[in-house]
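Have the sequence and the coordinates open side by side.

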Amino acid sequence: MPPHRKLVAPRADFGPGFLLTDELGLTPLLFASAISRAEPEAAPAVATNALGVDLYRLEAASHAGNILLSPYSIETALTMAFGGAGGVTRQEMAKVMHLGNNPDNLPQQFASLQRTLEKAEADSKKKAAAVKEPEYKSDPVKLRVANRLFGKKDISFDKTFLSLAGAIWQAPLEPLDFALFPAESRSHINAWVEQRTGKRIQNLIPQGGVDKDTSLVLVNALFFKASWADQFLRELTKPLPFHVAGKTPVTVPLMYQMQVRNYIKGPDYAAITLPLSGEELQFLVILPNARDGLAALEKQLSAGLLSRLAKLPKEGQVEIHLPKFKLSLPALSLAKHLKTLGMKSAFDASADFTRMTSGNGSQPLFLSGVFHKTFIAIDEKGTEAGAATSAPVAASGPDLEFRADHPFLFAVQHRESGVCLFLGRLMDPR
């Protein structure tokens with residue numbers, strides 16, 4: 001194994017085995033009692049990315065700071081709700097979720113995508129186990145997807161819907177007494193989320209997010225953790241300028257490495273993918289050529305672009321400068337964005353979620369909220385004590401330079417499908 005693969009010890013403050021990224025996103029959809037163009041035959045990965053881009057654009061238009069979404073988490077949670085939708089509600093959801101003209105095969109398609117991601121995790125473990133030399137070992141990918149339905153205890157839910165939720169999304173129904181104990185129900189759901197996400201996501205549902213009229217809460221929690229396939233050596237990280245918002249230079253730690261990478265450079269931007277452990281998942285960076293070029297780049301962002309960039313060609317040696325950063329943003333309420341995109345009836349008394357209930361006088365359901373919260377941390381793999389590994393030495397100088405010293409787009413992707421587990425922008429790494 002080449003010297004540039006040598007690894008150092010994980011940082012102790014992130015727990016055993018934390019190396020590069022520790023990211024998670026989750027999305028609960030809350031139902032209450034009522035007192036971008038769809039792609040034909042869209043694949044789950046394309047549909048997921050298309051909705052992610054739509055929501056990203058609306059977030060970008062609403063504020064100027066850092067952004068982090070989990071398209072996969074959001075689409076998964078909405079997919080569970082879609083399984084119980086009918087009539088106009090189902091049509092609107094299919095359009096907003098980019099499900100194409102034949103959404104009836106959706107559950108099986110998303111189950112297949114989930115199995116693909118699980119296989120990537122399993123393959124990462126096999127590759128890590130096959131490396132015998134301790135100094136070359138890399139921790140495998142950890143991907144945990146947890147789904148659950150929290151239903152009002154006196155509502156009779158349809159057995160077919162519950163069976164589908166259990167078989168496809170492994171989302172069992174847990175009854176809660178929202179009517180008498182709304183605050184306690186909220187605390188219980190938030191505690192479940194904390195437990196499934198290593199306490200990285202806390203207080204997901206805000207006060208008032210669950211009330212006496214809430215009937216169903218659908219939660220999708222996504223926990224992801226992986227090391228770089230090729231680490232950034234800690235001793236090569238230097239304090240260098242990063243131009244916040246494309247303007248003001250501030251000094252931040254910029255990591256450094258020189259590797260042969262999948263890379264492309266065009267007239268408007270450069271893009272590079274950095275493989276994660278197992279090399280089936282990757283970190284994509286899309287960097288505008290101009291320091292103040294992010295707004296123009298965002299106009300080009302699309303599901304198609306993300307699919308194309310997932311499989312960049314191999315280029316020569318690339319000298320890479322990438323800032324360390326950690327994003328822990330407030331929970332987003334996505335209901336307004338989803339309504340703007342056309343998913344309107346799901347949020348009022350006209351909603352048709354009759355496929356969820358067994359009829360016989362069951363109260364009609366509608367969405368009362370969609371909350372989403374994410375976290376990501378990017379750094380070198382290593383501690384001060386583990387900085388004894390020598391720097392990589394190339395036979396000649398780098399062919400290319402990728403200096404991410406101004407705002408950029410990023411994604412955590414599955415390389416083969418192109419699906420984005422996370423999508424965001426970095427305006428300020430501090």
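A salt bridge here is a side-chain nitrogen of Lys or Arg within 4 Å of a carboxyl oxygen of Asp or Glu. Keep in mind that this is a predicted model. Side chains of opposite charge can pair when their charged atoms come close. Across the whole structure, 9 salt bridges turn up.

Start with Arg148 and Glu174. Their side chains meet in a salt bridge, N to O at 3.1 Å. The pair links distant parts of the chain. Arg148 sits in strand E3, Glu174 in strand E4 (residues 173–176), and the two are 26 residues apart. Are these residues buried or exposed? Arg148 is buried, and Glu174 is buried as well.

Now look at Asp177 and Lys153. Their closest N and O atoms are 3.4 Å apart, and they form a salt bridge. Asp177 lies in the loop between E4 and H6, while Lys153 lies in the loop between E3 and H5, so this pair ties together parts 24 residues apart in sequence. What is the relative accessible area of Asp177? The value is 15%, so Asp177 counts as buried, the cut-off being under 20%. Lys153 has a relative accessible area of 56%, so Lys153 counts as exposed, the cut-off being over 50%.

Arg261 and Asp230 give a further salt bridge, with the closest N and O atoms 2.9 Å apart. Arg261 is in strand E7 (residues 248–265). Asp230 is in the loop between strand E5 (214–226) and strand E6 (238–244). The pair therefore ties together parts that are 31 residues apart in sequence. Arg261 is buried, and so is Asp230.

Turn to the aromatic rings. A pair of aromatic rings is described by the distance of the centres and the angle of the planes. The count of aromatic pairs comes to 8. One of them joins Phe150 and Trp192, edge-to-face, at 5.8 Å centre to centre with 80° between the planes. This pair, too, links distant parts of the chain. Phe150 belongs to strand E3 (residues 142–152) and Trp192 to helix H6 (residues 182–196), 42 residues apart. Phe150 has 0% relative accessibility and so counts as buried. Trp192, at 6%, also counts as buried.

Phe325 and Phe410 form a tilted pair, 5.5 Å centre to centre, with 55° between the planes. Phe325 lies in strand E11 (residues 325–328) and Phe410 in strand E15 (residues 408–414), so the pair ties together parts 85 residues apart in sequence. Phe325 is buried at a relative accessible area of 4%, and Phe410 is buried at 1%. Both belong to one aromatic cluster, together with Trp228, Phe232, Phe283 and Phe408.

Next, follow helix H4 (residues 106–130). Its 25 residues reach 36 Å from first C-alpha to last, close to the 36 Å expected. Its buried residues include Leu106, Phe110, Leu113, Leu117 and Ala128. Glu121 and Asp123 are among them too. What covers the buried residues of H4? The cover includes helices H1, H2 and H5, along with strands E3, E15 and E16.

Finally, check confidence. The chain averages a pLDDT of 81, and 85% of the residues score at least 70. Helix H7 (residues 294–300) is highest at 96, and strand E1 (residues 21–33) is lowest, with a mean of 62. Over residues 1–23 the pLDDT stays under 50. Residues 35–41 are also below 50. Where pLDDT is low, the predicted coordinates should not be read in detail.

Definitions and conventions. Residues are numbered from 1 along each chain as its sequence is written. Side-chain values use heavy atoms; hydrogens and water are left out. Rings of Phe, Tyr and Trp (its six-membered ring) pair if their centres lie within 6.5 Å; planes under 30 degrees apart count as stacked, over 60 as edge-to-face and the rest as tilted. Helices (H or I, at least four residues) and strands (E, at least two) are DSSP runs, numbered from the N terminus. Buried means under 20% relative accessible area, exposed over 50%, partly exposed in between (1.4 Å probe, protein chains only). pLDDT is the predictor's confidence in each residue, from 0 to 100. Contact means heavy atoms within 4.5 Å. The expected span of a helix is 1.5 Å times one less than its number of residues.
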